[in-house]
Amino acid sequence: MSASSDTQGRERGAGFFADARLALVIALFVALALVPLFAKLGAASYILSFATRAVIFAIAALSLDLILGYGALVSFGHAAFIGIGSYAVGMLSSHGVEGFGLHVLAALVMAAVFAGLTSAVSLRTTGVYYIMSTLAFGQMLFFFAVSLSAYGGDDGMTLSGRSLVFGRKLLANDMTLYYVALGILLACYVLCRAIVASRFGRVLTGIRENPERMRAIGFDPFRYQLTACIIAGMMGALAGVLLANQAEFVSPAYMSWQRSGELLIMVLLAGIGSLHGAIIGAISLLLVEELLQHFTEHWKLLFGPLLVLIAMFARGGLMGLAASLLRGSGSGGRP
């Protein structure tokens with residue numbers, strides 16, 4: 001009787017957290033969809049620009065969380081894909097190719113090729129060696145972009161305008177660009193959620209937990225991890241395409257190791273392996289950065305200890321902390 005009650009309690013708890021997660025995701029995207037309306041109450045241009053940037057980096061953080069949270073692949077060169085997407089826009093635009101669809105297609109192809117080639121090498125290693133190999137490939141692409149003097153070199157390049165959609169300057173409107181970015185974020189989230197829930201996602205999670213056991217029952221970890229890296233890289237390139245359009249500027253700094261570190265912090269901040277946590281983490285980091293910059297230009301000195309405290313006392317990041325509070329309130333304070 002007691003065992004049956006415990007099982008039912010666990011099932012109710014699982015159902016409660018699943019419902020809470022769904023409610024949180026819906027509330028998150030509804031809130032993001034309403035941002036332009038709130039922007040009209042204040043400095044509309046500034047708020048919309050910040051929100052667009054936050055959504056774009058949320059896409060990049062989401063793509064990293066797919067391989068980090070579900071594949072345990074710690075990439076320190078993931079920002080390279082943001083650079084690939086942004087330079088796809090910059091290079092094509094400089095040669096008169098201004099279509100948004102062509103920019104996206106070029107970015108996806110280039111990212112898939114780069115991810116396939118570099119991951120095929122990096123995945124032959126594990127642990128810190130994998131991390132260092134991703135860092136090496138990311139920096140290799142960074143210095144390659146710096147050497148491209150025809151496209152601005154280290155100074156970057158200013159775009160003549162944003163990408164055209166069916167020959168029209170639809171993205172020139174900041175609100176249109178924001179909703180395009182938000183739509184892509186939603187599509188990427190739904191895709192990642194479908195991947196995680198699929199057989200592929202379950203195998204990927206199994207490889208994260210015990211690669212030897214998965215290999216023993218007939219699954220090749222390399223193939224699944226390689227596919228996940230390619231998908232994540234292509235999503236990161238989408239963020240790069242949007243970032244180039246938002247800033248109307250392309251720079252090698254987009255793919256520096258510091259940017260890759262920021263993406264890792266975004267994922268770690270709200271909790272690894274929650275997908276929506278990556279979105280919340282990206283928005284939270286940019287908000288904290290924006291707020292602290294009003295007090296001091298050395299805002300990272302303040303943010304560093306805050307991140308350490310989260311790591312020490314909030315297991316699973318902000319999402320883990322929220323789950324702990326929900327469990328406490330749900331149990332009525334009982335142990």
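The expected span of a helix is 1.5 Å times one less than its number of residues, and helices are DSSP runs of H or I with at least four residues, numbered from the N terminus. Helix H10 (residues 221-247) has 27 residues and reaches 39 Å from its first C-alpha to its last, close to the 39 Å expected.

This is a predicted model, in which local features need pLDDT of at least 70, side-chain atom pairs count only at pLDDT 80 or more, and totals for chains, interfaces and linings use all residues. Residues are numbered from 1 along each chain as its sequence is written, and side-chain values use heavy atoms, with hydrogens and water left out.

Of the 27 residues of H10, 21 are buried (buried means under 20% relative accessible area, exposed over 50%, partly exposed in between, with a 1.4 Å probe and protein chains only). Just after H10, Glu248 takes a positive phi of about 55°.

Aromatic rings form a further topic. Rings of Phe, Tyr and Trp (its six-membered ring) pair if their centres lie within 6.5 Å; planes under 30 degrees apart count as stacked, over 60 as edge-to-face and the rest as tilted. By this rule there are seven aromatic pairs. Two edge-to-face pairs are tabulated below.

| Pair | Centre distance | Plane angle |
|---|---|---|
| Phe81 and Phe114 | 5.8 Å | 75° |
| Phe142 and Phe143 | 5.1 Å | 75° |

Phe81 lies in helix H4 (residues 79-94) and Phe114 in helix H5 (residues 100-122), so their pair ties together parts 33 residues apart in sequence. Both Phe81 and Phe114 are buried. Phe142 is buried at 15% relative accessible area, whereas Phe143, at 52%, counts as exposed.

Methods. Helices (H or I, at least four residues) and strands (E, at least two) are DSSP runs, numbered from the N terminus.
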